[in-house]
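Here is a short briefing for a first look. Keep the sequence and the model open while you read.

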Amino acid sequence: MSALLQIEGVSKHFGGVNALSEVNLTIKAGQVYGLIGPNGAGKTTFFNVMTGLYRADAGRFALAGTPYEPSSVHKVAQAGIARTFQNIRLFNAMTVLENVMVGRHVRTRNGVWAALVRHRRARVEEADTRRIAQHWLDYVGIGELAERRADTLSYGHQRRLEIARALATEPKLLALDEPAAGMNAAEKLQLRDLLEKIRNDGRTLLLIEHDVKLVMGLCDRITVLDHGQVIAEGAPHDVRSNPAVIEAYLGGGVHG
Amino acid sequence: MSLSIAMTQPTQRARIGLVLFALALLLAPWIAGQAGGNAWVRMLDFALLYIMLALGLNIVVGYAGLLDLGFIAFYAVGAYLAALLSSPHLLTQFPALAAALPHGLHTSIWIIVPLAGLLAAGFGMLLGAPTLGLRGDYLAIVTLGFGEIIRIFMRNLDRPLNITNGPKGISSVDPIQLFGVNLARTQDIFGFRVPSVYLYYYLFAVLALLIMFACVRLQDSRIGRAWLAIREDEDAAQAMGLNTRRLKLLAFAIGASFGGVGGALFASFQGFVSPESFSLNESVAVLAMVVLGGMGHIPGVILGCVLLAALPEVLRATMGSVQQWLFGQVLVDPEIIRQLFYGLALILVMLYRPAGVWPASREAAR
């Protein structure tokens, strides 16, 4: 297995606060990778740097062996990293199907002229977009809701829609920012099934999660961040028993 | 199966609606002409110009969600372009030009209209480029400033070189000549006497239809979906790989080009342009049409234009006689009542139908 995502020496500070210092992360193709850490550890900052929302002070980024500069969000997405948001962000006034069709934007070419004239190639592409979008809705199990307005969906379905929209971009890496946030136990189980299905279909996932149980059960490898630094890296059972991790999660009182 | 039924019923309804709309469009000037003479047909001509403007603004505000308070600037750009290219003004200012063009400057409408669209699109991008990073209120203020800058430029560009003739404006703009027919004169067509306002009506209707067609096609396309996505959540749109800067510029350019076409027609129709026609009030009026009709919904926007263009004239014409009938005399100036009702209508619609008189069905489902 080769490294799909290789990130080295990422630092980011806000004013005098070192939000990230010298963070390394290597994700191999086909892995489900977990990035965990207590509140304020820098998970979200790292995610935002990696996806181009924040500019890193230092760091090297490579996706599938090609260096990429996370200088703008849409370029990172075009390079092949699709993301979901911690607080679900859909295109509310659009239908469920249209939401996923927007995900096809980066894989299609129809422009203004194609829209106006609707020549043969444009019609074929539009039909393909619709068909593929419907495929991804079926894939995440909400195919029958295609014509509904996105914001009329239940919370769990909205999360699935967000994942379908990200998958529609045909990403090399699917990055999920706290996908289980706000879910009840039953919804978490269903989410876990879906993520396993996505992994079994050969996709690479990066999971930023608060829910340690979900991460431990699902991930092949885990990196733990605390105070902007990597404090542990390895397989779930190694990380779980790592004293530094236990201390970070339970607080310094354990030893002191 | 259930999907195909769900798909055909709305299209059939839309077809019937389209036929009715075409009939209304065809017959409207004759009905209005019967009711209120040429003045009312003229009002319809203006309603059509407003439809072009509002559909242009609808792309920027309704689809891409960019609040533009200076949209009338693009109308001004189109109007001044037409005025400069088909009036004696430039020739009297620059004798060298007059010597080169002994027959005067009479540019064909076939050149003026596309050129006005292109130039306005250029101005749209000029406005768009520096504002791409701005959102919401901030964008609204910048566009407001842009609208005023254009108007003030037109007002003051009479020295050192007299280009726009300042506040006096440019007069004797050529009327539109189409296939050798002068639209400013009453024409005999198959024995019918068709006055000028009717001829302009049908020309404007054809162009408004073209713009409607373009809007419908754009709305149901990859580009239209991308605009809506930006309107709904710009960050999420970027995360899906949409180049939001480029797409916003595109919305500005296309919206502005419709405004420019409307402006060129307006100048030729009026035969006269002056900075006063392009005040902030006009920008607000066009925005009111879009919002009151139903932002992002083409039939709604058109309805908004017809209502807001016709309402003041209808009130002006009727309020005097209504008072006469109710009280035996005219107590309040009809002009004042007209403004009162106009404002009242806006308030009531926004209170009771915040998504507009005729919103898109998706919005109504909220």
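**Where the chains meet**

The contact between the chains draws 29 residues from chain A and 26 residues from chain B. This is a predicted model.

**Chain A side of the contact**

- Three helices of chain A each supply at least two residues to the side that touches chain B: H2 (73–79), H3 (96–103) and H4 (112–117).
- By class, this side of chain A has twelve nonpolar, eleven polar and six charged residues.

- B:Met240 sits in a loop of chain B, between helix H10 (234–239) and helix H11 (244–270).
- B:Met240 counts as buried, because 29 C-beta neighbours lie inside 10 Å; the cut-off for buried is 20 or more.
- Setting aside residues up to four places away in sequence, B:Met240 touches A:Ala77, A:Val102, A:Gly103, A:His105, A:Arg165 and A:Thr169 in chain A, and B:Ala229 in chain B.
- B:Ala229 and B:Met240 are eleven residues apart in sequence. Their C-alpha atoms are 9.6 Å apart in space.

**Helices H2 and H8 of chain B**

- Helix H2 (residues 38–63) and helix H8 (residues 196–219) of chain B pack with their axes 9 Å apart, at an angle of about 20°.
- H2(B) and H8(B) are therefore roughly parallel to each other, since angles under 35 degrees count as such.
- Their crossing is left-handed.
- From H2(B), the residues in contact include B:Asn38, B:Val41, B:Arg42, B:Asp45 and B:Ile59.
- From H8(B), they include B:Val197, B:Tyr198, B:Phe204, B:Met212 and B:Cys215.
- By class, the contact of H2(B) with H8(B) has 19 nonpolar residues, one polar residue and two charged residues.

**Helices H12 and H13 of chain B**

- Helix H12 (residues 280–293) and helix H13 (residues 298–327) of chain B cross at roughly 125°, and their axes come within 7 Å.
- H12(B) and H13(B) are therefore oblique to each other.
- H12(B) passes H13(B) in a right-handed crossing.
- H12(B) brings B:Ala285, B:Ala288, B:Met289, B:Val290, B:Leu292 and B:Gly293 to the contact.
- H13(B) brings B:Gly300, B:Val301, B:Ile302, B:Leu303, B:Gly304, B:Cys305 and B:Leu308.
- The residues of this contact divide into ten nonpolar, three polar and no charged.

**The largest nonpolar core**

- The largest nonpolar core has 180 residues. Among them, B:Ala54 and B:Ala251 touch the most other members.
- H2(B) gives the most to this core, with 17 residues.
- B:Ala54 touches B:Val286, B:Met289, B:Val290, B:Val301, B:Gly304 and B:Cys305, again leaving out residues up to four places away in sequence.
- Of these, B:Met289 and B:Val290 also belong to the H12(B) side of the contact with H13(B), and B:Val301, B:Gly304 and B:Cys305 to the H13(B) side.

**B:Leu280, a partly exposed residue**

- B:Leu280 lies in helix H12 of chain B.
- B:Leu280 has 14 C-beta neighbours inside 10 Å, so this residue counts as partly exposed.
- Neighbours within four places in sequence aside, B:Leu280 is in contact with B:Gly147 and B:Glu148.
- B:Leu280 and B:Arg155 are 125 residues apart in sequence. From C-alpha to C-alpha, B:Leu280 and B:Arg155 are 14 Å apart in space.

Conventions. Residues numbered from 1 in each chain as written. Chains lettered and ligands numbered in written order. Predicted model: local features only at pLDDT ≥ 70, side-chain atom pairs only at ≥ 80, totals over all residues. Axes fitted to C-alpha atoms, helices over the stretch in contact; angles between N-to-C directions. Helix = DSSP H or I, 4+ residues; strand = E, 2+ residues; numbered from the N terminus. Parallel < 35°, antiparallel > 145°, perpendicular 65-115°, else oblique. Left-handed = near helix turned anticlockwise from the far one by under 90°. Contact = placed C-beta atoms within 7 Å. Nonpolar A, V, L, I, M, F, W, Y, C, P; charged D, E, K, R; others polar. Core = buried A, V, L, I, M, F, W, Y, C linked by C-beta atoms within 7 Å. Buried ≥ 20, exposed ≤ 12 C-beta atoms within 10 Å, placed from the backbone.
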